[in-house]
Amino acid sequence: MNQQSENDVPWFTALAVEDRIRRADPTAGTVPLFEAMGLPDDEESVIDEKFHDEEAPHYQSYCEIPRTKISEAWLLDWIRERTPEGVVLDLGSGTGRVAEHIASSTRRVIAVDRSAGMLEYARKSFPPERGVALRADIRDLPIEDGVIDGVVCSGVLHHLPEWRRALREAARVLRPGGRLIIREPNASYAGQLFEPAEKLMNWLATKGRTVQGTPDAGAQEGLSPVEEPLSPRHLVEAAKAEGFVVGTLGSAMFLGSLGIPGEGAWQRLYFQPANLVDRLMLRYSNHDRGALLLTVLVKRW
Ligand SMILES: C[S@@+](CC[C@H](N)C(=O)[O-])C[C@H]1O[C@@H](n2cnc3c(N)ncnc32)[C@H](O)[C@@H]1O
């Protein structure tokens with residue numbers, strides 16, 4: 001029989017978070033872990049959870065390789081600059097790279113994920129006095145209404161056929177005026193335009209040689225079992241239906257989404273100017289053909 005512990009939570013209150021953080025051991029090296037009771041157990045969710053449990057070490061090394069760091073740094077900054085200072089949920093935290101980035105400028109971070117494997121890493125990504133980890137399903141958050149200042153959701157909704165339910169949950173837990181910041185693969189991405197350029201760059205970077213695997217080479221082949229990018233139109237419609245005002249809707253990683261093999265100088269040489277162009281395009285044009293949707297939604301009063 002499963003033993004229930006004080007960290008199993010039928011309902012997770014802001015007060016409980018504060019209390020648990022106060023009692024946390026600052027030398028522990030990991031943030032406290034809460035476990036929601038009764039996660040949805042439909043087949044797709046269980047398969048996706050298992051996939052992410054196995055993927056966790058590879059995802060962590062993928063986040064750490066120079067290519068990812070160079071191409072993603074400005075996106076993490078973009079998210080942090082828009083994240084409110086109070087209590088913030090990182091929905092689908094994965095190994096915690098977003099939580100780590102926002103922890104310096106928010107009062108509390110709550111890293112939420114279904115995957116215990118991912119949370120093992122997320123628990124080490126920010127200091128114990130700054131927040132907690134919560135193993136829960138983002139379609140059914142054990143959190144009281146209107147107590148959260150900000151929600152960040154990066155690269156998660158496309159794993160859920162029921163992503164609208166997650167949007168509804170975010171709206172429920174946010175206080176009026178609270179923000180939901182979303183970063184998602186874009187169904188309208190014009191990736192096919194880049195295929196010839198990508199081939200040429202690959203050839204130039206490798207000069208025709210075969211490049212040996214990068215540190216994330218152990219990652220599972222292909223996509224996770226559930227992957228369905230969102231279109232900007234569907235996201236906006238759903239956001240309005242759930243009581244959000246659309247603050248920002250843009251797309252990024254137009255040039256910056258090109259893959260270049262190997263590691264090192266080639267990445268820096270390419271990504272720094274490409275990312276600058278992407279940032280300018282995000283700011284001054286409203287194109288929606290980039291690889292990522294970047295959205296800020298504000299909960300209506
Ligand atoms: C691609 S990772 C993104 C990780 C992180 N947000 C980032 O940007 O690096 C997607 C994460 O969403 C989690 N996830 C997917 N469906 C979920 C659900 N229904 N409830 C909670 N977490 C979920 C997965 O376990 C995985 O860790």
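Predicted model: local features only at pLDDT ≥ 70, side-chain atom pairs only at ≥ 80, totals over all residues.
**View 1. A nonpolar patch on the surface, built from Leu-200, Trp-203, Leu-204, Trp-266 and Leu-269.** Together, these five side chains belong to residues with about 570 Å² of accessible area. Helix α7 makes the largest contribution, with three residues. One member to pick out is Leu-204, which sits in helix α7. Is Leu-204 buried, partly exposed or exposed? Its relative accessibility is 38%, so Leu-204 counts as partly exposed, a class that lies between the buried limit of under 20% and the exposed limit of over 50%.

**View 2. The packing of helices α6 and α8.** Here helix α6, residues 163-173, meets helix α8, residues 232-241. Their axes lie 10 Å apart and form an angle of about 40°. That angle makes α6 and α8 oblique to each other, because roughly parallel would require an angle under 35 degrees. As for handedness, α6 and α8 cross in a right-handed sense.

View 3. Look for Tyr-189 in the loop that runs between β7 (174-185) and α7. With 25% relative accessibility, Tyr-189 counts as partly exposed.

Technical notes. Residues numbered from 1 in each chain as written. Heavy atoms only, no water. Patch = residues over 30% accessible without salt bridge, like charges linked within 9 Å, V, L, I, M, F, W, Y side chains within 5 Å. Areas by Shrake-Rupley, 256 points an atom, 1.4 Å probe, with all protein chains shown as cover. Salt bridge = Lys/Arg side-chain N within 4 Å of Asp/Glu carboxyl O. Helix = DSSP H or I, 4+ residues; strand = E, 2+ residues; numbered from the N terminus. Buried < 20%, exposed > 50% of the residue type's maximum accessible area, 1.4 Å probe, protein only. Axes fitted to C-alpha atoms, helices over the stretch in contact; angles between N-to-C directions. Parallel < 35°, antiparallel > 145°, perpendicular 65-115°, else oblique. Left-handed = near helix turned anticlockwise from the far one by under 90°.
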